[in-house]
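Welcome! Please keep the view open as you read.

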Amino acid sequence: MRAGELVPLGRTPLRVSRLGLGLASLGGLFSPVPAARAAAVLDRAWDVGIRLYDTAPVYGYGRSETRTGAALAARPRDAFVLCTKVGRLIEPGGPDTQPIWADPPPGVGPRLDYSYAGVLRSVEESLVRLGLDRIDVLHVHDPDQDFTAAVGEAYRALAGLREAGAVGAVSIGVNHAPVAVDFLRRADDPGPDCVLLAGRYNLLDQSGLDELLPLCAERGIAVMAAGVYQSGLLADPRPGAPHGYTTVPAELAGRVAAWREMCRRYDVPLLAAAVRFPLGHPAVASVVVGARSPEEVAQSVAYFDHPVPEEFWHAVKAAGLLPEHVPTP
């Protein structure tokens, strides 16, 4: 299994690389990323074989989509899979701003809108920002923000685009596994093709395994696992680092330290274990990671391609770092 290996995206006709690139950072997540560096990130990702790219209108209030489209415009369109999201429109005075975006474009902001008309407008505006002829995967972004409209009108709009052949796959992008389970069970047939699950199936949090991953495996729904570095906590556990914790809870810090010690014993980089772990489950087609520089892209590919021995996984289960029933690569 290599980072650039192409595999089917569940029951869809799309094929994605085992390692995908999440593009929130290129919209200025936590700190600005200059335009030239953003282009270099995407160029390096292409050069190392990444063919799955995931962006969203809210990432830098349109900035990530614009940069993504500009970098991919010269690439063969059938050689990559592009994902973006619906549920937030970017417009003058949009009220649902988020403090996590550094230096966003002035005067505009997101507004939640999961209505049928709002979703179709969102897709059209994303296509303009991207400057590309189509979007391959459309996620309903954070459906818990307005679940009734998301599972009803938003899904119906995307299902219509899929039926018309305008989009290759319909998906949901969630931070909480139970929300995804509820959505999959309530959406009209045939339901979403994919789930982008952030932060709920990794070395520190396997809550996605409770119901969601078995349900996806049963229905042939592909999972893209994001947040495998736990928002950077595994990479840099210091309090105040850009992982969302001003103070890292003692129990969590202890588990990170235990993982680091086990990795030291087996000469396995912690982030190599982190990026490969989700692919032990058959429902997971791809792992999506972010990057702020070309060097970070190359590092993630090197981690992915680093061999992790079977004995390592046996040892972490014996040490209680993973439950015995959790599948491993």
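## How the helices pack

Helices α1 and α2 cross in a right-handed sense. On the α1 side the contact is made by A35, A38, L42 and W46, and on the α2 side by R67, T68, A71 and L72. Sorted by class, these contact residues comprise 6 nonpolar, 1 polar and 1 charged. To find the pair in your view, look for α1 at residues 35–47 and α2 at residues 63–72; their axes come within 9 Å and cross at roughly 50°. That angle makes α1 oblique to α2.

A word on what you are looking at: this is a predicted model.

Helix α2 also meets helix α3, which spans residues 116–130; here the axes come within 7 Å and again cross at roughly 50°. So α2 is oblique to α3. From α2, the residues E65, T66, T68, G69 and A70 take part, and from α3 they meet S126, R129 and L130. This contact divides into 2 nonpolar, 4 polar and 2 charged residues.

Next comes the pairing of α3 with helix α4, residues 147–163, which pack at an angle of about 50° with their axes 8 Å apart. These two helices are therefore oblique to each other, and their crossing is right-handed.

| α1 and α2 | within 9 Å | roughly 50° | 6 nonpolar, 1 polar, 1 charged |

Let us turn to single residues. S171 sits in strand β9, which covers residues 169–174. Is S171 buried or exposed? With a relative accessible area of 0%, S171 is buried, because buried means under 20%. Its side chain reaches the backbone oxygen of C194 at 3.1 Å. Leaving aside residues up to four places away in sequence, S171 touches V137, L138, H139 and V140, and also P192, C194, V195 and L196.

H281 is found in a loop, the one between α8 (270–276) and β12 (284–290). H281 is buried as well, with a relative accessible area of 7%. A polar atom of the H281 side chain lies 3.0 Å from the backbone nitrogen of A283. What does H281 touch, not counting residues up to four places away in sequence? The list is Y201, L209, L213, P214, A217 and P327. Take L209 from that list: L209 and H281 are 72 residues apart along the chain, yet their C-alpha atoms are separated by 9.0 Å.

## The covered side of helix α10

Helix α10 runs through residues 310–318, and its buried residues are F312, W313, A315, V316 and K317. Their cover includes α7 (250–266) and α8. Just after α10, G320 takes a positive phi of about 80°.

## Backbone details worth a look

Most residues other than glycine have a negative phi, and most peptide bonds are trans. A few places in this model depart from that.

One is F30, whose phi is near 70°, a positive value in a residue other than glycine. F30 belongs to the loop between β3 (19–22) and α1. Its relative accessibility is 44%, so F30 counts as partly exposed.

Another is D103, where phi is near 50°, also positive in a residue other than glycine. D103 lies in the loop between β6 (88–92) and β7 (108–112). D103 is exposed, with a relative accessible area of 55%.

Finally, which form does the peptide bond from D189 to P190 take? That bond is cis, with omega near 5°. P190 itself lies in the loop between α5 (177–186) and β10 (194–198).

Methods
Residues numbered from 1 in each chain as written. Heavy atoms only, no water. Axes fitted to C-alpha atoms, helices over the stretch in contact; angles between N-to-C directions. Helix = DSSP H or I, 4+ residues; strand = E, 2+ residues; numbered from the N terminus. Parallel < 35°, antiparallel > 145°, perpendicular 65-115°, else oblique. Left-handed = near helix turned anticlockwise from the far one by under 90°. Contact = heavy atoms within 4.5 Å. Nonpolar A, V, L, I, M, F, W, Y, C, P; charged D, E, K, R; others polar. Buried < 20%, exposed > 50% of the residue type's maximum accessible area, 1.4 Å probe, protein only. Polar contact = N/O pair within 3.5 Å; in protein donor to acceptor, adjacent residues only side chain to side chain.
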